[in-house]
Amino acid sequence: MRTRLPAEIEADLRRAVRLEWWTIAWMASIIIVIGLAMGSSQAMKTAWVEDVLSLVPSLVFLLALHFERKGPTERFPYGYHRVNSLAFLVAAVALSVMGMVLLVESALSLFRVEHVTIPPIRLFGQEIWLGWVMVAALAYSVVPPVILGRMKLPLARRLQDEVLHTDAMMQKADWMTGLAGIAGIIGIGLGYWWADSVAAGIISFSILHDGITALRIALAELADGAPRELGSANLEEEAAALRARLLELYPGADVRLRDSGRFILAQVSGVASPGSVDLDALWPGRPERSWRFAQLSFAPPEGPASPAAA
Amino acid sequence: MKPALLLAAALMIGGCDSIPADPDGTLARVRGEGRFRVGMIASAGRPMVADGTAALLKGLSGATGARAAVEHGAAESLLTRLEDGDLDLVVGEFAEKSPWAAKVTLSEPIGRRGPTILAAAARNGENAWIALVHREARAVASGGR
């Protein structure tokens, strides 16, 4: 299995690592700010829980990459490429849990007809409604995720990194809940006690949708499903084209493709190995992405054993 | 969501006085009717810390132009009626970590005796009224010492 990445991809990976460290730093500051301004608003509490949860994809990305870089060992003869798939599952679960928490919490507080109290507080000798402090904290919490998420998306595409992509979705969830929180607090300020919960509830559907999509891809990846498109449950076109090319070359063979982290592995069964193969030449998609095609293995046809085998 | 934010921005520019508002319009009703309903928790056998209470009710009257209609009763029944919106304010002694603090909104203490505090409770979510009660309670607390 070849796993050497081209120089541009290596550079992208380093950028992704830097972005993730920045994410952790910014999110930590947001967690502190929101924690201080939280009060008893439901949307604020959920925004906080969700900010904490949103650290998960960044952390597992860094962790997975650390392992992925290691070579195979005696105990892990295939190397650690699938740690990326595992990390993806963890990130997808985090995103789904966040959507679920948001949905359940907001439904419960609507159901209980909870009238949220947001009292005034004293700040620098001034009496000020805590709602304005919350709005300011939430406004701060919206900015970094928008920027970080947007920077991560193109990287995730080039790196074919589902963890990074899920992390970008997490950032989207972050800024959306931030905005929902602002709308909810101002709604409460206007005397609509349900504004907070309704805003959080609406956002939760979008987050849950992203989470469940990610979960489906992660499960497909771990269950040796055919390669999926980044961030969608659809089959990947480049992989489908590769399969068609292999079927053309080895008619009658059984051709199977699967993802292993960011790489594609292909197995051609029913054909004896033809000797050496140029994987890059076989890649039907854009040449700068041919690094993804990491392995082509052959399984000889089954039948009565020839004297050599056994 | 964008229209909501625009609306919010317009309201912020338009006037901060109307925010926060009460979902059930307590403050507006108090001003309109010229009366707010106060439940005074009867503390068995012990005299209330009366000064703080009187000062708070006077402060609230001054701020709203309404007068206090006071009745006395047991804590549980008064607080339950406050939750239901049959009272606007309950004044009395509470434990410092009262379990009622989640169901109603307690003001800053306007008096203290050992582990109990004298405080005013308002109905949850009536944020304009709560803001006023907090402000007046704070004035009493800082002026009374």
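This is a predicted model: local features need pLDDT of at least 70, side-chain atom pairs count only at pLDDT 80 or more; totals for chains, interfaces and linings use all residues.
**Stop 1: around B:Ala68**

Show the cartoon of chain B and you will find B:Ala68 in strand S2 of that chain, residues 67–73. Which residues does B:Ala68 contact, once its neighbours within four places in sequence are set aside? Select B:Phe36, B:Val38, B:Leu57, B:Leu60 and B:Ser61 to see them.

**Stop 2: the whole of chain B**

Zoom out to take in chain B, with its 5 helices and 6 strands. Colour it from the N terminus on and follow the order α-α-β-α-β-α-β-β-β-β-α. Chain B has 145 residues, and 41% of them are buried. Take the contacts in chain B between residues at least 6 apart in sequence: 70% of these join residues at least 24 apart.

**Stop 3: over to chain A**

Next, select chain A. Its C-alpha atoms fill a box of roughly 90 × 40 × 35 Å along the principal axes. Of the 310 residues in chain A, 44% are buried. Among its contacts with a separation of 6 or more, 71% come from residues 24 or more positions apart.

Colour chain A by domain: domain 1 covers 7–222 and domain 2 covers 237–299. The centres of these two domains of chain A, taken over C-alpha atoms, are separated by 37 Å. Where the domains of chain A meet, 10 residues of domain 1 are in contact with 7 residues of domain 2. On the domain 1 side of that meeting in chain A, you will find 2 nonpolar, 4 polar and 4 charged residues.

**Stop 4: two helices side by side**

Two packed helices are described by the angle between their axes and the distance between the axes. Select H6(A) together with helix H7 of chain A, residues 195–222: they pack at an angle of about 170 degrees, and their axes are 7 Å apart. H6(A) is therefore roughly antiparallel to H7(A), since angles over 145 degrees count that way.

For a closer look at this pair, show side chains on H6(A), including A:Met169, A:Ala173, A:Met176 and A:Ala180, and on H7(A), including A:Ala199, A:Ile203, A:Ile207 and A:Ala214. By class, the contact between H6(A) and H7(A) has 15 nonpolar, 5 polar and 3 charged residues.

**Stop 5: where the chains touch**

Bring both chains back into view. Their contact takes 20 residues from chain A and 18 residues from chain B. Which elements of chain A give two or more residues to the side that touches chain B? They are strand S2 (126–129) and helix H6 (162–189) of chain A. The largest share of that side of chain A, 7 residues, comes from H6(A). In all, the side of chain A that touches chain B divides into 14 nonpolar, 5 polar and 1 charged.

**Stop 6**

In soluble globular proteins, nonpolar side chains tend to be buried together. Here the largest nonpolar core has 97 residues, and those touching the most other members are A:Ala91, A:Leu95, B:Leu89, B:Val90, B:Ala120 and B:Ala121. H6(A) gives the largest share of this core, 14 residues. Centre on A:Ala91 and, beyond residues up to four places away in sequence, you will see that it touches A:Val56, A:Pro57, A:Val60, A:Val163, A:Thr166, A:Asp167 and A:Ala214. A second, separate core has 13 residues, including A:Ala239, A:Leu246, A:Phe263 and A:Ala266.

**Stop 7: two backbone angles**

Most residues other than glycine have a negative phi. Select A:Val113, in the loop between helix H4 (83–111) and strand S1 (120–123) of chain A: its phi is positive, about 50 degrees, although it is not a glycine. Then go to A:Gln160, in the loop between helix H5 (130–159) and H6 of chain A, where phi is also positive, near 50 degrees.

Are these two residues buried or exposed? A:Val113 is exposed, with 10 other C-beta atoms within 10 Å, whereas A:Gln160 is buried, with 23.

Key. Residues are numbered from 1 along each chain as its sequence is written. Chains are lettered from A and ligands numbered from 1 in the order in which they are written. Two residues are in contact if their C-beta atoms, placed from the backbone, lie within 7 Å. Helices (H or I, at least four residues) and strands (E, at least two) are DSSP runs, numbered from the N terminus. Ala, Val, Leu, Ile, Met, Phe, Trp, Tyr, Cys and Pro count as nonpolar, Asp, Glu, Lys and Arg as charged, and the others, Gly among them, as polar. Axes are lines fitted to C-alpha atoms, for helices over the stretch in contact, and angles run from 0 to 180 degrees between N-to-C directions. Angles under 35 degrees count as roughly parallel, over 145 as roughly antiparallel, 65 to 115 as roughly perpendicular and the rest as oblique. Domain bounds come from an automatic or database domain assignment. A residue is buried if 20 or more other C-beta atoms lie within 10 Å of its own, exposed if 12 or fewer, and partly exposed in between; C-beta atoms are placed from the backbone. A nonpolar core is a set of buried Ala, Val, Leu, Ile, Met, Phe, Trp, Tyr and Cys residues joined through C-beta atoms within 7 Å.
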